[in-house]
Amino acid sequence: LPAGHALGLAYFECYGSLTAHVAEVSLGEGGLPRVHRVVCALDCGQVVTPDGARAQIEGGILQGLSAALVEAQTIASGAAVERNFDRYRLLRINEAPRIEVHFIESGEKIGGIGEPGLPPISAAVANAYARLTGRRVRQLPLAAGIAGAANAAKA
C-alpha cells in the first residue's frame, strides 16, 4: 500500500449470500476517510446474470459508502432541514472509489444479490480508519462521528 493508506475488512451474511469487503482508505480533507478502492468477494451460489449482479453489488457499495461518509438528515422544529437534493449531501462521482467484484461460485443454493453489497462497506471503511488513526468511530455518517470524537477530545 502507499504510505498513509490502510485496509479495512468487513463480512456480512444475508439472503443466503456471504459478502466480504476490503476498503483501501487514506485520510482526506479535514482528516475524513477517503476511499480509493473497494474489493468485494461474494458467494451467492450460482451467478445467473453476472453483469446485472456486478452492477447491483457496485450500486450497493456506492449507496452504502454515501450513507457511511456523508449522508445525514437533520430535523429542526419537527421538520426535515434537507428537503431536496440541493441541501442533502450525497457521494459525488469524483469521490467514488474503484470497485472490484469477485464472485465465488460455490455450488450452494442461489442467494440474494440486491442487498448483500451494502451493509459491510461502512464497517470496512471504519476499520481502515481505525487502523490509520487508532480511533474507533461508531456513528454514521463517519464525518459526524469523527467531528463528535474531536469535540469530545477537546472538552
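Helices are DSSP runs of type H or I with at least four residues, numbered from the N terminus. The legends below refer to a predicted model.

**View 1. Gly-52 within helix H1.** Gly-52 is part of helix H1. Its relative accessibility is 34%, so Gly-52 is classed as partly exposed. Between the C-alpha atoms of Gly-52 and Leu-65 the separation is 20 Å, the two residues being 13 apart along the chain.

**View 2. Extent and buried residues of helix H1.** Helix H1 comprises 20 residues, 50–69. From its first C-alpha to its last, H1 reaches 28 Å, close to the 28 Å expected at 1.5 Å a residue. The buried residues of the helix are Ala-53, Ile-57, Gly-60, Ile-61, Gly-64, Leu-65, Ser-66, Ala-68 and Leu-69. In an α-helix there are 3.6 residues a turn, so residues three or four places apart point the same way.

**View 3. Cys-40 and its closest cysteine sulfur.** Cys-40 is buried, its relative accessible area being 0%. The cysteine sulfur closest to that of Cys-40 belongs to Cys-44 and lies 9.6 Å away, which is too far for a bond. A disulfide requires a pair of cysteine sulfur atoms within 2.5 Å, and by this rule the count is 0 disulfides.

Definitions and conventions
Residues numbered from 1 in each chain as written. Predicted model: local features only at pLDDT ≥ 70, side-chain atom pairs only at ≥ 80, totals over all residues. Heavy atoms only, no water. Buried < 20%, exposed > 50% of the residue type's maximum accessible area, 1.4 Å probe, protein only. Helix = DSSP H or I, 4+ residues; strand = E, 2+ residues; numbered from the N terminus. Expected span 1.5 Å × (residues − 1).
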